[in-house]
Structure formats: C-alpha cells, structure tokens
Amino acid sequence: MEQHECIAHTERWVVDVIMKYNICPFARREVERASIRYVAIEHTKIKAVMKALIAECGYLDNHPETETTLFILPRGFEGFYAYLDLVDDATDLLAQQDYEGVYQLATFHPDYCFDGEAQDSAANFTNRAPYPTLHIIREASMEVALANYNDPESIPERNIAFAERKGSDFFIKLLQHCTKA
C-alpha cells in the first residue's frame with residue numbers, strides 16, 4: 001500500500017468518524033483550519049520509527065501553524081501488543097528528548113483494546129483507526145482546548161456510551177468505508 005493511500009484513509013477516518021460523530025470535540029476546528037499533518041512512516045524497525053518520531057516533533061517545533069500530527073504506521077506494528085511496546089518506547093523517548101510537557105501521544109490501532117474490555121467490545125472503537133497511529137498533540141494547545149470545554153472529563157464516558165449504543169458492527173462498517181479506494 002502506498003503512503004498516500006494510508007494518509008487518505010486516515011483523513012477519511014478523521015472526517016467520517018472522529019469529526020462526524022464528535023469522538024474528539026476538538027477535531028472539527030483543526031480539520032477546517034487544515035492544521036492536521038498526516039505522515040505515513042514506512043519504517044518497521046523501532047529505532048528508525050523513534051528517529052522519525054523525534055524528527056516529526058522537530059517539524060512541529062518549527063511549524064506552529066501545524067497543530068498536530070497523525071503519525072501513521074501502516075506496516076510492522078499490526079500486532080496490538082507490539083504496538084503497545086512501541087507506545088511505551090515512544091513515551092520514554094519524548095521524555096528523554098525533553099519533549100515531556102511539550103507533546104503527548106494519543107494512541108489508535110485497528111485492534112485497540114482497553115485494559116479489562118473484551119476484544120469485541122464496542123467501547124474499543126473509540127480508539128480504533130485504520131492503521132496503528134500515534135497522535136502527537138501539543139500539550140499547551142490541549143490545555144487551552146480543555147479549559148474552554150465544559151466538562152472535558154465526560155468525553156471518554158460519552159464516547160464509550162455512544163459506541164456501546166451504536167455497537168461494534170456499526171463501527172466495523174465505518175472503518176471498512178474509510179479504507180475503500
């Protein structure tokens with residue numbers, strides 16, 4: 001699969017799932033401003049992915065007009081547990097590179113499963129995406145967005161309730177739609 005296809009699928013997921021169903025109440029503004037950067041990483045080795053992640057943080061440092069990056073990993077991290085190991089390494093690396101407090105990571109994966117949830121639970125779809133993805137978020141921007149949002153603590157619970165109401169089949173079809181050519 002080509003990088004541009006992975007990016008197109010992920011953009012469609014952001015608009016047709018995340019924004020349309022208000023999974024992230026902050027997404028619409030960034031989609032409309034075209035301030036989301038989509039990067040598909042071809043590397044499959046952790047060391048190369050970590051190098052690309054820090055390079056992307058450097059890009060964000062130098063491009064304040066870009067609010068956030070969706071760092072897409074179409075190959076090499078299809079297994080959820082291998083992906084979680086990558087997330088741990090990435091979080092540690094951000095701290096080592098003095099990016100703790102500057103950027104945070106939100107995590108998405110086609111097989112995302114919350115701790116304690118059954119694999120087929122609809123709740124997991126709040127963090128399922130077409131491809132393993134690290135969402136690099138500017139912490140300062142997130143603080144401002146949360147300060148201006150009434151009851152931000154309710155967002156995850158609202159999303160889980162919505163997912164459970166709609167059911168897994170609904171989200172499976174949505175994700176399939178996102179990856180159609």
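Is R37 buried, partly exposed or exposed? R37 is partly exposed, with a relative accessible area of 26%. Here, buried means under 20% relative accessible area, exposed means over 50%, and partly exposed lies in between (1.4 Å probe, protein chains only).

This is a predicted model: local features need pLDDT of at least 70, side-chain atom pairs count only at pLDDT 80 or more, and totals for chains, interfaces and linings use all residues. Residues are numbered from 1 along each chain as its sequence is written, and side-chain values use heavy atoms, with hydrogens and water left out.

**Salt bridges**

- Side chains of opposite charge can pair when their charged atoms come close.
- A salt bridge is a side-chain nitrogen of Lys or Arg within 4 Å of a carboxyl oxygen of Asp or Glu.
- The whole structure holds five salt bridges.
- R37 forms one with E56, and their closest N and O atoms are 2.7 Å apart.
- R37 lies in strand β1 (residues 36-40) and E56 in helix α3 (residues 46-62), so this pair ties together parts that are 19 residues apart in sequence.
- Helices (H or I, at least four residues) and strands (E, at least two) are DSSP runs, numbered from the N terminus.
- E56 is buried, at 5% relative accessibility.
- E42 pairs with R75, with the closest N and O atoms 2.5 Å apart.
- This pair links distant parts of the chain: E42 sits in the loop between β1 and α3, and R75 in the loop between β2 and α4 (80-96), 33 residues apart.
- Both partners are partly exposed: E42 has a relative accessible area of 33%, and R75 has 28%.
- E30 forms a salt bridge with R33, and here the closest N and O atoms are 2.8 Å apart.
- E30 and R33 both lie in helix α2, three residues apart, about one turn of the helix.
- E30 is buried, with a relative accessible area of 9%, whereas R33 is partly exposed at 41%.
- R29 joins E30 and R33 in a network of salt bridges.

**Nonpolar cores**

- In soluble globular proteins, nonpolar side chains tend to be buried together.
- A nonpolar core is a set of buried Ala, Val, Leu, Ile, Met, Phe, Trp, Tyr and Cys residues joined through side-chain atoms within 4.5 Å.
- The largest core has 29 residues, of which W13, V14, V17, I18, Y38, I72 and F171 touch the most other members.
- α1, β1, β2, β3, α6 and α7 (168-178) each supply at least two residues of this core.
- Its largest share, six residues, comes from α1.
- I72 touches C6, I7, T10, Y38, V39, A40, I41, Y131, P132 and T133, not counting residues up to four places away in sequence.
- Contact means heavy atoms within 4.5 Å.
- A second, separate core has 26 residues, including V49, I54, V87 and L105.

**Pockets**

- Rolling a probe the size of a water molecule over the atoms shows where empty space is left.
- On a 1 Å grid over the protein atoms alone, tested with a 1.4 Å probe, a pocket is an open set of points with protein on both sides within 12 Å along at least five of seven lines; lining residues have an atom within 4 Å of a point.
- Grid points are joined across faces, edges and corners, and a volume is the space filled by probe spheres set on the points.
- The largest pocket has a volume of about 960 Å³.
- Its lining has 35 residues, of which C24, F26, H135, I137 and M142 lie nearest the pocket centre.
- α5 gives the most to this lining, with five residues.
- By class, the lining of the largest pocket has 23 nonpolar, eight polar and four charged residues.
- Ala, Val, Leu, Ile, Met, Phe, Trp, Tyr, Cys and Pro count as nonpolar, Asp, Glu, Lys and Arg as charged, and the others, Gly among them, as polar.
- The second largest pocket has a volume of about 170 Å³.
- Residues lining the second largest pocket include P110, D120, F125 and R128.

**Positive phi**

- N22, in the loop between α1 and α2, has phi near 55°, a positive value in a residue other than glycine.
- N22 is partly exposed, at 32% relative accessibility.
- D98, in the loop between α4 and β3, has a positive phi near 60° and is likewise a residue other than glycine.
- D98 is exposed, with a relative accessible area of 65%.
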